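Subject: Structure handover

Hello,

Here is the structure I said I would pass on. My notes on what turned up in it follow below.

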Amino acid sequence: MPQIFHRSTNTLSKASIFGALFVAAGGLWLTLEINRTSWVTRAHEARTQAVPFSHAHHVGGLGVECRYCHTSVDKGAYAGIPPTKTCMNCHSQIWGQSPTLEPVRASLRTDTSLEWTKVHDLPDFVYFNHSAHVNKGVGCSTCHGRIDRMPFVWQENSLLMEWCLECHRNPEKYLRPKEEVYNIAYEPPADQLALGKDLVRRYDVRPRVTCSTCHR
Amino acid sequence: MSAEEIPAVPVDFAGVRRRLDGTTGRRYWKSLEELADSPGFLEFLHREFPEQAATFEDPKGRREFLTLMSASLALAGLTACTRQPAEKILPYVKQPEELVPGRPLFFATAVAHDGYARGVLVESHEGRPTKIEGNPDHPVSLGATDVFGQAHVLGLYDPDRSQTVKFYGEVRTWIQFRTALREALAKQKGTQGAGLRFLTGTVTSPTLAAQMQTILAEFPSAKWHHYEPAGRDNTRAGAVLAFGEPVDAHYRFDQADLILSLEADFVGSGPASLRLIREFARRRKVDDAKPVMNRLYVVEGSPSLTGAVADHRLAIRSSEIEGVARAVATGLGLPVEGGTIAHVDWVAPLVKDLRSKGPRALVIAGESQPPAVHALAHAINEKLGAVGQTVSYTAPVEAGAEDHAASLKTLVGEMRAGQVDLLVVLGVNAAYAAPADLAIAEALDKVPLRIHLGLYEDETAERCHWHLPEAHPLEAWSDARAADGTVTLLQPLIAPLYGGISAHEFLGGFLGRADTKGYDILREHWKGQWPGADFEKEWKRALHDGVVKDTALPSKAVAVTLGDWATTAPKPAGSGLELVFRPDPAVHDGRFANNGWLQELPRPLTKLTWDNAAIIGPGTAQKLGFSIEMTATGHATEVVELRYRNRAVRAPIWVLPGHPEDSVTVHLGQGRTRAGRVGNRVGFDAYALRTSDAPWFGSGAELVRTGETTKLACTQDHWSIDQTAHKEAGRRHVVRAATLEEYAKEPGLFHEMGEDPDPGLSMFPPHKYEGNAWGMAIDLNSCVGCNACVTACVSENNIPVVGKDQVSRGREMHWIRVDRYYQGAPESPDTYHQPVLCMHCENAPCEVVCPVTATVHSEEGLNDMIYNRCVGTRYCSNNCPYKVRRFNFFLYQDWTTPTFKMMRNPDVTVRSRGVMEKCTYCVQRISRTRIDARNEGRPIREGEIQTACQQACPAEAIVFGDVNDPESRVAKLKASPRNYGLLAELQTRPRTTYLAAVRNPNPEMPHG
Amino acid sequence: MASPQAEHPIVGPGHTFGTVTDKISTIVLQRRAPLGWWLGFAAGFALLQLLLITVGFLLFKGIGVWGPNVPVGWGFDIINFVWWIGIGHAGTLISAILLLLRQEWRTSINRFAEAMTLFAVACAAFYPVFHTGRPWVAFYWLFPYPNVMGLWPNFRSPLIWDVFAVSTYATVSALFWFVGLIPDLATLRDRTASKAGKVLYGILAMGWRGSARHWNNYETASLLLAGLATPLVVSVHTVVSFDFAVGQVPGWHATIFPPYFVAGAIYAGFAMVLTIAIPLRKAYGLEDFITMRHLENMAKVMLATGLIVAYGYTMEAFMAWYSGNTYERFMIWNRVFGPYGWTYWALLLCNVLVPNTLWVKSLRTNPVYLFLISLVVSAGMWLERFVIIVTSLYRDFLPSSWGAYRGTVFDWAAFVGTIGLFLTLFFLFIRFLPAISISEMRTILPAAELKEEKP
Amino acid sequence: MSRRLHGLYGLMAEFHTPTEVVEAAHRVHAAGYTKVDAYSPYPIEELIEALHIGHSRLPKLVLVGGILGALAGWALEYWASVIEYPMNIGGRPENAWPAFIIPAFETTILFAAGTAVLGLLALNGLPEPYHPVFNVPSFALATRDKFFLCIEAGDPKFDGAGTLEFLQGLGASDVREVEH
């Protein structure tokens, strides 16, 4: 009876069996990690906008405070996108004729909305409320990052559920004094944990992790 | 905007945009974008043209689109790594002061029903009205709503609403219409408007009335006719009979210890029903401390919700009720003839009871009874000394009050005689709803020029030369009076979606003021009404409050004069079956036929959806050998030919316990042919049998068998079909009830009825709930089964309409249902209503069996349902003893119609295919309130959170609150001895509990 | 067991190692398959297409194309799931439990019985996935895998137990089956003429050469696997019964369920083995290997398990009455006299009445009759699941929400379709793998008896 | 004798009946040969005994596998429902141990069975598609009806001719050299 297989197949076949196990495990790990990549979460992906509005310039440069435009951030679920009127408050005086601002003037003239591309876009079944956070010492930059350094705004964090849970489970790691909430350049102190624990007590912070907190 | 701007094909993007910057100034962003961009939108536009309407009426095309959509969703789900497509944000150009994005605003206005106003608060999200609540400051609404009030939201966004000016069915512009009208009027000027006729429904709008007067002054010979299909002719005539003038009677149930209803269905109909239900129910909230309540006697010829809550109900043919009324009158010593002796065992103790209660008693007669009965009721009340106590009278609220039937008859006569050159129909669907004997259709054809203003291109529009789209009550400025005369200013919540105009703006055209906006017309009128006063202040207040103060009519003294009507006995009813007409409990006189929410609403008592039927009593059914069989695809029943006065319709048989024998009830309002995609060809048209001389009942009907069977969609199996269910319901003490006597004697008796195991009887220690723990108590003694909670829930929670086929298969989606149980003999049973929603069990059977934790408990004791986690095994539903869970077997939500996107509550996820859903205790409302409270660093106040069902309930039967707070109303109610948990023996520990029903029968009365 | 052997030997006379090997292996190695095989395969394959069409439509339209509703949330889907899983059990039982009990007669039937198990489990597994509203997420959300939502399955849910039990069962059965195949694969490797065959079977045989050392571990492994498969198979149908017993629906919430489900499973399984064995032995002339003794033994097992099942029915009714629980009492009353009462009576006829004729030896040893009975029992067991699932759900606690149920055309299509899947797999199996374990057959040949050794 | 490519693996004797091969095995062992293996188309216990192969180590491995499985299953359940994301499900405690028994049981079986199969392959050094004995033309019958006994060249007592005679003396129907 002639041999069917070459000697080398012995090692090959043995390797293949145990190899299979590792491939399976690797595949699982990979699928998980893919979901964390910014390709999926679109984090750190600057979106181009109809009007080249630069937060870096307005916030970083001119020091405009968040709430000047995002008026309802502490009142309602949505931070609020400023109406054209708000832009024109200043730009009727300065850069009044600048071509880059034509869309804005056009908007006011023709009474049609400016079209912005959504940057922080949660799924429709997730209900996030800004006021509930900023009123309890969660700073803008905690989630949105250094807006003052973003010419075009990008999404700083993954916005994955695990990311939300992380803070809801350990708020003390992230809280800051209320007066610092809008301080975009805020740096947490060395004793953040101590501070955080104290703030949790003082602000009566009770983050919920039950489902209907965000899903309804 | 002025009429010229309104484009011929109005729903183009620019048009919508422009209109949205209109009067209300509020504009919504995202949806608008979608509205314009969605490819479905253009095809939607095309479909709206009538020539293609037919293709669309077959739902296939749309279904395919939906399923394609869901299939693509499926693929999206397949891989976890899907990126979201980029979405747009459209901010305001000028943001309104008061608006905070994501925070709804509420505006006070009113919706009219049969002409009478009910004050409402409309919830508006970035300019989109999404929900209607009652206005607590309104004397008739008192914060409650009925099914119709809720359904107006869907009516507003209905894509089938008329959208263009039409001439002979061809699209025309407003200018073209104006020209035509101008010419026609010019002709009429010459003849003083001899050939000019107006036809409206019941009008209570002071402004409209004033406009009509001016027009009639311009054209002295013109005439204004009224026709309200479910109007109040008998009531009016009754008053004239008794007092010699048409006065309105106003009842004070809060003052009445005893109420005798002569077929008066105050729960189901009537301009003041919301208020009356509230007052009635308040007198029935007994507790063991003071076991006292009012007593209600009902005599009726067709089972009604009022009869269902009665302590004593006498079910006899409508024609026999007058005899009873006369007997009662005689018994009370009034010189009245013709009293029957048939029901003396019932009448005698009743009379005794009436005497003993005296001025704290009250007799009310139903519209369906002839004038004489109304007159008798007035006479009896006067005799009892009830006037000023439980009843008072005012001048009629209706403008130009006259007998509608007669009015229409005259009009038709004149049309036939060719005396009418120009007929103007405002809203009334006369061609459909007119009595059959008038044969209005061909009479109409004799009128040279017919103009119709209406929300829909309905049967009447079809027979008119010109059809003009009317603005929806939520789109236009107007005013209207409530039952007590109180005026509400109607303000628009959104600019007309489909380019309609209001009746005011339309009538302006007859005074050469076509360009005047409704807003200005209204202000002009009221400037005249408030001389001296600071107009702007008055105006603002009226708008803010939703009522114009002290506009309720003053009561006036009137005296009954007993005429021949009292002394001459009524002629005996004819032989054969008696045919009884009633407006449909959901689609009313047919005007709501295209409203899916209402079509799918299980009718009270019958629990039928998407159909009307020839309803007969069990005895009659047995005699004639009819039976109904429940199948997996609906309730199979026989179709009969219903013959009546040489006319006939084919109708399915339905058997209803407590229906008088030898009598058939049919509901008006179905069998429409031009209602729209939803309402066309649903049920049969009962108007085809209705004659002007006998609007509500008549004898001589016959049921002719056809041997043909059909299937009806009924949401609750029927014990006249299935005695088993009846027996079991009793054995299981699903509804716990007792008489007041028994309860007073032994308050604890309800607990003996079923075991209530001790929480400790568990292998695991009971879970502790800190902070707020939400719970609900439902008072079965207050619930009148009106279904308001069901529609309110549908509107609040974006619950889809699934259609007759799916309902027949047991796949309706309602989160709350009103179960109906009977006790006693099928001929005269006691009826109980039990609203059933998610019980939010602390030991929830559904949660344990869910493999993916898609339903779990929140720390506040809510049974959360997470749609986006659900994979749809349906195990939770199987394991739910209350069967309150609903499953999306298909993609039920209409994802294609843009206006529906605007309609939905943005705070509630729109569920997709393949997921389970159920009552959430309106968690979106809880969250909103909690966040506000926590932001302000205060606890949530008692009563601060109202669930949608609770808020709508006119009877205040539903109470929601924090069971951890001993001071809360709900906690107090749960402490009552009447409180019991449904199926508590299963140790589910429901957070929703019930207060047992207590009836207050007259001990001297034979049962029934 | 000399006497029964004399009566009905477990292998026909005159066979040697060679004849046995050749007879069985030629079925696989013959160049062209007999016409009968082609017909059977074609039929199965056609039905399989029906299944694919149904699934396509289901995914396109939604689960609503099937019959479930509220209150009857489960219908044909779960009925068929339980039915198939049950059928699977006989295979494991024959190969594992009878091996432990050293029942030599099992050797000729265990191979295809195990194959039957695998294919039945494949058919069963189809339903839990596709009966969900969103199969496209269900098929992986039901497993505990790390994810970015930080969420895990609910280990309290019987459905998760199902996932664990069924997937373990499928895996272990497959391994057990494959281990059993190795020596025969070697035989095929060495006997096939085609080069491709040599390579293919060669890879699968993994270089098996029948060394005594290997046989030593091999025998131990078989015993261990049998020892593991036995509690597993019992656990699987126990878990399946928990799907109901853990729920509180009257008619589900019963402690008798686990044993009675397991017995039922074996009952149905042996019925299916007979349904397959009887035509198979005829078609391939295997009467010498699958003898009357096998048929009769299986008939006896059916009789026994059938009686246990009957006991289960009795206990259900008795406990309902004895508990005094109004819901339980009504449930039984409703099963017997309710709208779907006929299903209950039909079930008693198929599962209790008819099988008791097996007490009669002449019937027990009549292949045609056995074949018919096996079909009757399969139908009966299907009805049993219908009764348990549908007639419990459609009238539960609140009379207001009582409903009705009927399978739609797509329900039937899916059911028939899975039968197609089963047939397709099975015909492929008997074409390409030895349907009877050759190496084990050798051990029971007279030639395998060692002559007296010299001291 | 043919040309040897890779040298001699051993000598292979062929027998017709199980009795002969068992007998031979006894004699070979008695003769003190240790690197011996026998090949048969089906398992013969006597043959295994005759070669004094001893008991398999598999059971111990499987026991370990089973225990690991149980622990893994239980750990997963406990960690997921008590530590990682505790939830109030139907008022049950986070550690609903009675429910956790079942999945843990299944993982026990799964791991044990897995170990059994992998262990079998490992202990037998399978897969091993290439093996010298296959060089013997008649060895194909080892999976049909013939029995073989092979003394490896590596055996200390092995000497070509002597062993050859010895084997022929055992009543082998044929004895051949096995090439590497």
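Please keep in mind that this is a predicted model. The notes go by type of feature.

Surface patch

I101(D) sits in helix α4 of chain D. With a relative accessibility of 44%, I101(D) counts as partly exposed. This residue belongs to a nonpolar surface patch together with M763(B), W74(D), Y78(D), W79(D), I83(D) and W97(D), and the accessible area of the group is about 720 Å². Two elements of chain D, α3 (58-84) and α4 (97-124), each give two or more residues to the patch. The largest share is that of α3(D), with four residues.

Aromatic pairs

The whole structure, over all chains, holds 87 aromatic pairs. In one of them, W382(C) and W412(C), the ring centres are 6.1 Å apart and the planes make an angle of 25°, so the pair is stacked. The two residues are 30 apart in the chain: W382(C) lies in helix α15 (residues 367-393) of chain C and W412(C) in helix α16 (residues 409-432) of chain C. W382(C) is buried at 11% relative accessibility, whereas W412(C), at 43%, is partly exposed.

Another pair is Y42(D) with F147(D): the centres are 6.1 Å apart and the planes stand at 85°, so this one is edge-to-face. Here the separation in the chain is 105 residues, with Y42(D) in the loop between β2 (36-39) and α2 (45-50) of chain D and F147(D) in strand β3 (residues 147-152) of chain D. Y42(D) and F147(D) are both buried.

There are also charges over rings. R523(B) lies over the face of W539(B), 5.2 Å from the ring centre. In chain C, the charged end of R431(C) is over the ring of F432(C), at 5.7 Å from its centre.

A hairpin in chain B

Strand β18 (residues 478-481) of chain B pairs with β19(B) in the antiparallel sense, over four bridges. Five residues separate the two strands of this hairpin, and G485(B) in the turn has a positive phi of about 100°. The bridge partner of D479(B) in β19(B) is L489(B). Side chains in a regular strand alternate between the two faces of the sheet. In β19 (residues 487-490) of chain B, V487(B) and L489(B) point one way, T488(B) and L490(B) point the other way, and all are buried.

Salt bridges

The count over all chains is 98 salt bridges. R284(B) and D311(B) form one of them, at 2.8 Å from N to O. Because R284(B) is in the loop between α10 (273-282) and β11 (295-300) of chain B, and D311(B) in the loop between α11 (305-309) and β12 (312-315) of chain B, the bridge ties together parts 27 residues apart in sequence. R284(B) is buried at 1% relative accessible area, and D311(B) is buried at 10%.

In chain A, the side chains of R42(A) and E45(A) meet in a salt bridge of 3.7 Å, N to O. R42(A) is buried at 16%, while E45(A) is partly exposed at 25%.

D145(D) and K146(D) form a salt bridge at 3.8 Å, N to O, and both residues are buried. They are part of a salt-bridge network that also takes in D22(C), R191(C) and R144(D).

Regards

How values were computed
Residues numbered from 1 in each chain as written. Chains lettered and ligands numbered in written order. Predicted model: local features only at pLDDT ≥ 70, side-chain atom pairs only at ≥ 80, totals over all residues. Heavy atoms only, no water. Patch = residues over 30% accessible without salt bridge, like charges linked within 9 Å, V, L, I, M, F, W, Y side chains within 5 Å. Areas by Shrake-Rupley, 256 points an atom, 1.4 Å probe, with all protein chains shown as cover. Salt bridge = Lys/Arg side-chain N within 4 Å of Asp/Glu carboxyl O. Buried < 20%, exposed > 50% of the residue type's maximum accessible area, 1.4 Å probe, protein only. Phe/Tyr/Trp six-rings, centres within 6.5 Å; stacked < 30°, edge-to-face > 60°. Lys NZ or Arg CZ within 6 Å of the ring centre and 35° of its normal. Pairing = 2+ DSSP bridges.
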